[in-house]
Amino acid sequence: MTQMALPLRLADHAVFASFLSVGNEALVATLVDLASSESGQGCWLWGPPAIGKTHLLQAVCDSAGDRSVYVPLRMLADAGPEVLDGLAGRDIICIDDIDAVAADPAWEGALFTLCNQVLDADRILIVAAAMSARECPVSLPDLQSRLARLPVFQVQPLGENERVMALQLRARHRGLDLPDDTARYLLTRSRRDMASLYGLLDKLDLEALRAKRRLTIPFVKSVLES
């Protein structure tokens, strides 16, 4: 796993193999290509919370290994922009939640310096935010101009059937069998965003391991009621 000097670790599940690409095929194909490249333009991906942006950025870093670095700015905002120093030496820099520090002069100045170093060296910059680059509340015009050059992808949400497929893909990645009826039952008993559904699946995985049970509806119901 790629790490910075700070104690950051990529999530074990955040790999391309566990991300259902339905509706986002072009984005995933682009990221897979970038992860295996040493140079390129990069891209900007955006969408609401819990739609998969962090998963995809970390999947890039998992695939690229030590050539890459994952930078979660919402988590690092209080640490100050100095955490960006020296990152331009990596081939791939994945910046998550850039909107969390937008409009902060110190952060914007540091990000502008990093963007210049990365893009001028023909390295890869991948940025995620809740909105498009042109809508992001960046105050520094030169930084806005730099970021606006990145190809933009909106992460598309999953439909009902795709949510079932995504849960089953995640379950298989963990070595679990999640029947269709159980997956659909979970959709009616949890918040609808995939982060909450995945969190529930992780809990059920632990309980099923302890009880040596399969993920049937009666078992899932008993866990949810306990």
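User: Which residues lie nearest the centre of the largest pocket?

Analyst: This is a predicted model, where local features need pLDDT of at least 70, side-chain atom pairs count only at pLDDT 80 or more, and totals for chains, interfaces and linings use all residues. Residues are numbered from 1 along each chain as its sequence is written, and side-chain values use heavy atoms, without hydrogens and water. A pocket is an open set of points on a 1 Å grid over the protein atoms alone, where a 1.4 Å probe fits, with protein on both sides within 12 Å along at least five of seven lines; lining residues have an atom within 4 Å of a point. The lining of the largest pocket has 34 residues, and those nearest its centre are A50, I51, G52, K53 and A195.

User: What is the volume of the largest pocket?

Analyst: Grid points are joined across faces, edges and corners, and the volume is the space filled by probe spheres set on the points. For the largest pocket that gives about 600 Å³.

User: Which helix gives the most to the lining of the largest pocket?

Analyst: Helices (H or I, at least four residues) and strands (E, at least two) are DSSP runs, numbered from the N terminus. α2 (53–64), α6 (160–173) and α8 (194–211) each supply at least two lining residues. With five residues, the top contributor is α8.

User: Is strand β4 enclosed or open?

Analyst: Buried means under 20% relative accessible area, with a 1.4 Å probe and protein chains only. On one side of β4, I124, I126 and A128 are buried, and on the other L125, V127 and A129 are too. Six of the six residues of β4 (residues 124–129) are buried, so the strand is largely enclosed.

User: Which residue is the bridge partner of I92 in β4?

Analyst: Two strands pair if DSSP finds at least two bridges between them. Strand β3 (residues 92–96) runs parallel to β4, with four bridges. Strand β1 (residues 43–46) is also parallel to β4 over four bridges, and there L45 stands opposite A128. The partner of I92 is I124.

User: How many disulfides are there?

Analyst: A disulfide is a pair of cysteine sulfur atoms within 2.5 Å. For C43, the nearest cysteine sulfur, that of C94, is 8.4 Å away. For C136, the nearest is that of C115, 11 Å away. The count is zero.

User: What is the relative accessible area of C136, and is C136 buried or exposed?

Analyst: C43 counts as buried because its relative accessibility is 0%. C136 is buried too, at 3%.

Key
Buried < 20%, exposed > 50% of the residue type's maximum accessible area, 1.4 Å probe, protein only.
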